[in-house]
Amino acid sequence: MDQLLFGAVPYIAITIAIVGTIWRFTSHRFTWSSQSSQFLENKTLFWGSFPWHYGIIIILLMHIIVAIIPGVLLSLNGSIGFLYFFECSGLALGFLALFGLVALIYRRLSNNRVRAVTSTWDVIVLIILIVQVVTGLGNALLYKWGSNWYAASAVPWIWSVILLKADPNFIGTLPIITKIHIFNAMVFIAFIPFTRFVHFLAFLNPLKYLGRSHQLVRWYSRSERTENIRQMK
Amino acid sequence: MDVRAQLSMQFNLDKCIGCHTCSVSCKNVWTTRQGAEYMWWNNVETKPGCGYPLTWEDQERYRGGWELSGSTLRLKLLKGPGKLRTLANIFFQPNLPTIDDYYEPFTFDYDNLFNAPAGDDQPVARPKSLITGEFMDKIVLGPNWDDDMGGSPLYATNDPNLKGLSASQKELLTKFHKLFYFYFPRICNHCLNPGCVASCPSGALYKRGEDGIVLIDQDTCRAWRFCVSACPFKKPYYNWDTGKSEKCIFCYPRLETGQANACAHACTGRIRTVGVLLYDADRIEQTAKSSDDRIVEAMRDIILDPNDPKVIEGAIKNGVEENWINAAQNSPAYNLFVKWRLALPNHPEFRTVPMNFYIPPLSPILHQAKSDSGGCFDPETSDFWNDIDKMRIPLKFLANMLSAGNESLVLESLKKQMAVRIYMRQQRVGDVGDAKVQSVLSDAGLTPTDCEDIYKVVTLGTFEERFVIPETHREIKSTVDPRTMYEKRGTVGFGNKKKELLGRSW
């Protein structure tokens, strides 16, 4: 069972994510974003969107950074002060994200206007996210020093997946709630191309904005044919 | 000198009768789609009034446009350290107007009028929201909610242009014998220094180099909505259904084939003219940085004389085609804004360097010189010329709207309009006297030829005189979208949205 879930599913999920992302970017560029509903409702959104995004972005970045340099964290965690700081701030950010997510779910369910622009995909997105955040917080609360054994057991598994020799034994002994967390993460990856999750792949545009000049000019007589003209001819 | 061409529209506010034909023709062509019901790329407001969306001119609330911070120009939206502040607000925008600042789009339950079961009462058609499809208790706002100063104590009193008016002048809102209002049609200004373009993190907005039209690339737009906030005129609209912003496209599929804009073409009062301006793109920033009392003059400076050989040479070097240069030489835009100095930009103090111009309204000539003391105005005995600054509409109000508070520019334009009337009266009726006409003309700085020309373009102008629009020669350009406007109708020029897999959209 573990062999299937943590040996094969990661590759299925990653394949779906890569192929699907390329397909959507090339054929459905128009939909490549997260549709905003702030225009229809902006009071509850404030309490949802801000805490959610800032909480989850930092936590996700920490997962990625530790996955890249697990040794650094393990040695830093040797100091009890840092361990406490790291775990507590992670927990606080997790609750911040959970608070935001609950506000967002409440908003989608309770506001008629927002419901009018809610698709089935949005519901799937919210289910995946709430499962991920709740299991993540469960890990942190029930099993002590998650940051240590994330670096010690889950990270080697991630590397084994990346190096194409997935070895479920690294995580075979982890508690069930952690396994749900990991499995759900793969579901999340598989759904990236089909849902509003694609919007975090659009982060390069805002970064380009920091460097570009304020005004943009396009010359139709000096440029290549644009996409829609190619479609028409 | 970097010579570029810019399409520009001018509005003669003196003649606008507020019939909304422009708005309706624009809507029929471009925005009759779900998500776009509330969009009025062209709208007509009553001034004094709140406008659409409500109090859009109040930049303390919406923070649109630019401000000078020392010697640098920055978006008002970004209070903090430059662009980083934009990105910090990317998940929630504090200054974004919501649908309640426009209105909830609605239809009526007409079906009930035909299919109601027999009963004692007349069946009614209740309003229904076009967003949720549910019945609405009542309609609380619409696109022209304060039309003709309706509800002015509630709405028009909040007009930001009333700032700086005396209590007695503000009585134009409440006292019948002082009452004054006029109509104010608005489209996107296709600015030289657009706030919308500068604020877009995706780089979806751009200004077309060839004709200066500002467009939104629908495939690049990622729904960040900064354009809506950063535009001080609130002319980009967020389509809540597709999740993309849309704006006035200056009817470019029509203009490219030499037709006038749908709004201008339909205008029953013939108040609109469209023409080409040549401007110096190197000086845009310097112009936008001018002080409030200088900014209109700076805008006139940046517009180049299309008959100057150096300008023509620069234009040819930059790829401006011959028919565009010819159009610029016969341009009503150049004549009204620069040559005759009749037209003025809307809110130049927002520093976007807007490229549509308005001739301030002169009528009714009724002034309040006598109405202050309760008497009636007697046009036979009054001297129009000397009392022009005692008109009902306070100069300050027009100046706040059209010249960043500079009353002398508005007065200059009104005096010129009046001089043309006096000159024409002498031509037709002959009861003014040549000496008087002479003094009035020299006072206003017009020649008899100018008067004839102004008279012609603002009253009798034929289609070709009002709309001097060069064609784009799409037939020899492979990079111009070849579709006619009928193919593009209702699609913002970018094709219909594709059907999705599951649910209504991604």
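**Notebook: a look around chain B**

I started at B:Asp137, which is exposed, with 7 other C-beta atoms within 10 Å. For the threshold, I noted that 12 or fewer such atoms count as exposed, so B:Asp137 qualifies. A reminder to myself: this is a predicted model.

Where does B:Asp137 sit? I found B:Asp137 in the loop between β6 (127-129) and β7 (182-186) of chain B. I also checked B:Asp137 against B:Pro127: they are 10 residues apart in sequence, and C-alpha to C-alpha the two are 7.6 Å apart in space.

**The whole chain**

Next I stepped back to chain B as a whole. I counted 19 helices and 14 strands in its secondary structure. Of the 506 residues in chain B, 50% are buried. I then looked at contacts between residues at least 6 apart in sequence, and 69% of them join residues at least 24 apart.

**The sheet**

I traced an open sheet of four strands in chain B, in the order β12-β1-β14-β13, with mixed pairing. Which strands stand at the edges? They are β12 and β13 of chain B; each has a single partner strand, so one side of each is left without a neighbour in the sheet.

Inside the sheet I followed β1 (residues 3-12) and β14 (residues 357-359) of chain B, which run parallel and are joined by three bridges. On this pairing I noted B:Asn12 opposite B:Ile359 in β14(B).

**Helix α10**

I then turned to α10 (residues 295-302) of chain B, where the buried residues are B:Ile295, B:Val296, B:Met299 and B:Ile302. Why do they line one face of the helix? Looking down the axis of α10(B), I saw that its buried residues fall within an arc of 120°, so one face carries them.

**α14 against α15**

Last, I checked how α15(B) packs with α14 (residues 395-402) of chain B: the angle is about 105° and the axes are 8 Å apart. The two helices are therefore roughly perpendicular to each other. From α14(B), the contact uses B:Leu395, B:Lys396, B:Leu398, B:Ala399 and B:Leu402, and from α15(B), B:Glu407, B:Val410 and B:Leu411. Sorted by class, I get six nonpolar, no polar and two charged residues in this contact.

Definitions and conventions: Residues numbered from 1 in each chain as written. Chains lettered and ligands numbered in written order. Predicted model: local features only at pLDDT ≥ 70, side-chain atom pairs only at ≥ 80, totals over all residues. Buried ≥ 20, exposed ≤ 12 C-beta atoms within 10 Å, placed from the backbone. Arc of directions from axis to C-beta. Axes fitted to C-alpha atoms, helices over the stretch in contact; angles between N-to-C directions. Parallel < 35°, antiparallel > 145°, perpendicular 65-115°, else oblique. Contact = placed C-beta atoms within 7 Å. Nonpolar A, V, L, I, M, F, W, Y, C, P; charged D, E, K, R; others polar. Pairing = 2+ DSSP bridges.
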